[in-house]
Amino acid sequence: MPVSRRKPELHQALETKPSPARGPGKPTIGFIGLGSMGLPMASHLLKSGFRVKGFDISENALRSFADSGGTAYPDATEAASETDVLMLMVVNIDQAHQALFERGALANSTRASVVVLMSTCPPGEVEQLAEAVIARGHRFLDAPVSGGVAGARDASLSIMVAGDRQTYEMSRNLLDVLGSKIYYLGERPGQASVAKAVNQLLCGVHLAAAAEALSLAERAGLDTSTVLEIVSGSAAASWMLNDRGQRMLLEDPEVTSAVDIFVKDLGIVLAAGSSARAALPLASVAHQFFLAASGQGSGSADDSQVIRAYRGMTAGQKEGSK
């Protein structure tokens, strides 16, 4: 069950000394990663009265963040200067390491600052990152999110959290700004990332299954829009089918999540399965189809275009047309 959004009465929210630049009790946040999800998340924090200093390697992202009222920096170290919380919405664990250690963001934040990793990363590597952060006198929350770009824009993300309970309670006021459902998974960083891997396993398998079904309808010469309407209203429906199905029928739909994201995420799922000695045959097959679509040149296309991998397998002349 999700944890109630009501702030616990017995715990204070993360607080810092009042500053003229922000309201009393509001921590200064260094937000690293202002991409399609990070930018709206950082903007929500700004609108809620937090002082947010942002960093991204993209000049366009920095410009958009500045236009929304944030303070943008082309360097992670500067963005982390005198911050109480470092929130990371980066592509992978390597970028998190680079920002925190190689670029010096962690060392430049305040003493005992909180690092909140919100990206989808391998659980074991998240645990190692947490150990390195904590060893340097800081705090850490493993807090991956689900809900995609739409959830980030609407502040309706589901946020899975693992880490020291007190640090979690102190940080709830930040998480509540970004998500509608907050789930606490336990004291050990990495546990939330395992939960996210379970979520991504189902998302990837459902998406690949939907593509397989619609490619069958297409190959058989049926009107795919009609078939999609039929299955979307039946017991065969899934959230991924209803959300991505119509985009599968488009030649080049808007990208909300790329094929290569699922190449990465399902790779994380399989690594988590290997670590837990859990066989994941369906996840493995789905991963192969996303890899195939990426190998065909569709890695940056919307993830609904995994259907191109199925089309590629049956690209020859149909039996009935010979």
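A residue is called buried when its relative accessible area is under 20%, exposed when it is over 50%, and partly exposed in between, with a 1.4 Å probe and protein chains only. The model toured here is predicted: local features need pLDDT of at least 70 and side-chain atom pairs count only at pLDDT 80 or more, whereas totals for chains, interfaces and linings use all residues. Residues are numbered from 1 along each chain as its sequence is written, and side-chain values use heavy atoms, with hydrogens and water left out.

**Stop 1: aromatic pairs**

Please select F262 and F290, both of which are buried. Their rings form a stacked aromatic pair, 5.1 Å from centre to centre with 20° between the planes. Rings of Phe, Tyr and Trp (its six-membered ring) pair if their centres lie within 6.5 Å; planes under 30 degrees apart count as stacked, over 60 as edge-to-face and the rest as tilted. F262 belongs to helix 12 and F290 to helix 13 (residues 281–298), 28 residues apart. Helices (H or I, at least four residues) and strands (E, at least two) are DSSP runs, numbered from the N terminus.

Select F289 and Y310 next. Their ring centres are 4.2 Å apart and their planes lie at 5°, so this pair is stacked. F289 is in helix 13 and Y310 in helix 14 (residues 307–313), so the pair ties together parts that are 21 residues apart in sequence. Both F289 and Y310 are buried. The model has 3 aromatic pairs by this rule.

**Stop 2: charges over rings**

Now display K26 with F50: K26 lies over the face of F50, at 4.2 Å from the ring centre. Then turn to R165, whose charged end sits over the ring of Y184, 4.5 Å from its centre. A charge sits over a ring if NZ of Lys or CZ of Arg is within 6 Å of the ring centre and within 35 degrees of the ring normal.

**Stop 3: the largest pocket**

Select M37, G148, V149, S257 and I261, the closest to the centre of the largest pocket among the 47 residues that line it. The space in this pocket is about 1,400 Å³. A pocket is an open set of points, on a 1 Å grid over the protein atoms alone, where a 1.4 Å probe fits, with protein on both sides within 12 Å along at least five of seven lines; lining residues have an atom within 4 Å of a point. Grid points are joined across faces, edges and corners, and a volume is the space filled by probe spheres set on the points. Helix 9 gives the most to this lining, with 6 residues.

**Stop 4: the second largest pocket**

Move to P123, V194, A272, S275 and A276, which lie nearest the centre of the second largest pocket, itself lined by 20 residues. Helix 6 (123–135), helix 9 and helix 12 each give two or more residues to that lining. Its largest share, 6 residues, comes from helix 12. The volume of the second largest pocket is about 300 Å³.

**Stop 5: two single residues**

Select S193 in helix 9. S193 counts as buried because its relative accessibility is 2%. Its side chain is joined to that of D142 by a polar contact of 2.8 Å (a pair of N or O atoms within 3.5 Å; within protein, one must be able to donate a hydrogen and the other to accept it, and residues adjacent in sequence count only if both atoms are side-chain atoms).

Finally, select A315, in the segment after helix 14. A315 counts as exposed, at 64% relative accessibility. Its C-alpha atom is separated by 9.3 Å from that of R219, 96 residues apart along the chain.
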